[in-house]
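Here is a short briefing on one protein model. Keep the sequence and the 3D view side by side as you read.

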Amino acid sequence: TGRRDLAGKTVLVTAGGTREAIDPVRYLGNRSSGKMGYAIAEAARMRGADVILVTAPTALPLPTGVEVIQVESAREMFEAVLKCFPRVDIVVKAAAVADYSPVRKSSQKIKKTKGALILELTPNPDILLELGRRKEKQILVGFAAETEELLANAERKMKEKNLDMIVANDVTCPETGFGSDFNKVTLVFPDGRTKELPLLPKKQVAMRILDEVVMLPRFSELK
Ligand code: PMT
């Protein structure tokens, strides 16, 4: 379709799984492939938006026609996203951001010894929570990757982070969520409305998410 309903809007998308360094060769990571976030960036570009993609490392080719900012850790993603935020209209946070990172990053490769190795972890800043505090005109869309109590947890995160919509992502089945080309999500809105989508390719899920964004009451208030 030739919909250009995002022309003139700047859309920031985050994608991929952050990596938290343990030492020069090791990190704590997660199973995000970046496919969901890249699909959203591509869909927004096709609909006429200026797109900023803040991406953690993935195996995907970098998309063309969008501004790409490559980051590694949650802290780097935090800084990149906050820096762009004032010039952005819509944020979609599909990235899987590490909640914790090692307190110390060893400057040398950690040697193997006989005993247990204890890693001390410290909480990372929550990017979306901070955006929710700072938001003015912007529309904020979060994801919630859950293995239990899908809708209750998604709703709690949406309220806590002052979001305009949250994409509740049940990540318990292998054919959806992390890594797959498909996803099964329920869209949850602040007014209590929910919309369950069928199992769809991530590219179509991306389009359906944007269909809802442009119908939000706050969308028509964007300049
Ligand atoms: O990348 P794929 O393989 O395609 O998989 C897609 C996906 C499963 C990674 C994606 O669809 C998804 O669910 N992403 C969100 C994963 C996640 O971190 O969820 P969460 O419930 O832990 O976080 C909730 C929201 O807060 C997310 O929008 C997250 O980006 C954001 N967050 C979390 C922690 C943090 N420190 N800062 C954040 O902004």
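Start at Asn162, which sits in the loop between H4 and strand S10 (165-170). Helices (H or I, at least four residues) and strands (E, at least two) are DSSP runs, numbered from the N terminus. This is a predicted model: local features need pLDDT of at least 70, side-chain atom pairs count only at pLDDT 80 or more, and totals for chains, interfaces and linings use all residues. Residues are numbered from 1 along each chain as its sequence is written.

- Most residues other than glycine have a negative phi.
- Asn162 is not a glycine, yet its phi is positive, near 60 degrees.
- Asn162 counts as partly exposed because it has 16 C-beta neighbours inside 10 Å. The scale is this: a residue is buried if 20 or more other C-beta atoms lie within 10 Å of its own, exposed if 12 or fewer, and partly exposed in between, with C-beta atoms placed from the backbone.
- Glu149 is another non-glycine residue with a positive phi, about 45 degrees.
- Glu149 lies in the loop between strand S9 (139-146) and helix H4 (150-160).
- Is Glu149 buried or exposed? Glu149 has 10 C-beta neighbours inside 10 Å, so it counts as exposed.

**The whole protein**

- The protein has five helices and 14 strands.
- Its C-alpha atoms fill a box of roughly 60 × 35 × 35 Å along the principal axes.
- A compact globule of 223 residues would have a radius of gyration near 17 Å, and the protein agrees with its 18 Å. That radius is taken over C-alpha atoms, and the globule rule is 2.2 Å times the number of residues to the power 0.38.
- Of the 223 residues, 38% count as buried.
- Take the contacts between residues at least 6 apart in sequence: 62% of them join residues at least 24 apart. A contact means that two C-beta atoms, placed from the backbone, lie within 7 Å.

**Around the ligand**

- How many residues surround the ligand? There are 26, and the closest are Ser33, Lys35, Met36, Ile127 and Phe143. A residue is near a molecule or strand if its C-beta atom, placed from the backbone, lies within 6 Å of it.
- Helix H1 (35-46), H3 and S9 each supply at least two residues of this shell.
- S9 gives the largest share, four residues.
- By type, the shell holds 13 nonpolar, eight polar and five charged residues. Here Ala, Val, Leu, Ile, Met, Phe, Trp, Tyr, Cys and Pro count as nonpolar, Asp, Glu, Lys and Arg as charged, and the others, Gly among them, as polar.

- Ser33 is in the loop between S3 and H1.
- Ser33 is buried because 20 other C-beta atoms lie within 10 Å.
- Leaving out residues up to four places away in sequence, Ser33 touches Thr58, Phe178 and Gly179.
- Ser33 and Ala56 are 23 residues apart along the chain, and their C-alpha atoms are separated by 9.5 Å.
- Glu130 belongs to helix H3 (residues 127-134).
- Glu130 is partly exposed, since it has 15 other C-beta atoms within 10 Å.
- Beyond its neighbours within four places in sequence, Glu130 is in contact with Leu82 and Pro125.
- Lys161 is 31 residues from Glu130 along the chain, with 7.7 Å between their C-alpha atoms.

**Helix H5**

- The 14 residues of helix H5 (residues 202-215) should span 20 Å at 1.5 Å a residue, and the end C-alpha atoms agree, being 20 Å apart. The expected span is 1.5 Å times one less than the number of residues.
- Buried residues in H5 include Lys202, Val205, Met207 and Leu210.

**Strand pairs**

- Two strands pair if DSSP finds at least two bridges between them.
- Strand S2 (residues 20-23) and strand S3 (residues 26-28) pair antiparallel over three bridges.
- Two residues form the hairpin link from S2 to S3.
- Across this pair, Glu20 stands opposite Leu28 in S3.
- S10 runs antiparallel to strand S12 (residues 185-188), joined by four bridges.
- Ala168 has Thr186 in S12 as its bridge partner.
- S12 also pairs with strand S13 (residues 194-196), antiparallel, over three bridges.
- Val188 has Thr194 in S13 as its bridge partner.
- The hairpin of S12 and S13 has five residues between the strands, and there Gly192 takes a positive phi near 95 degrees.
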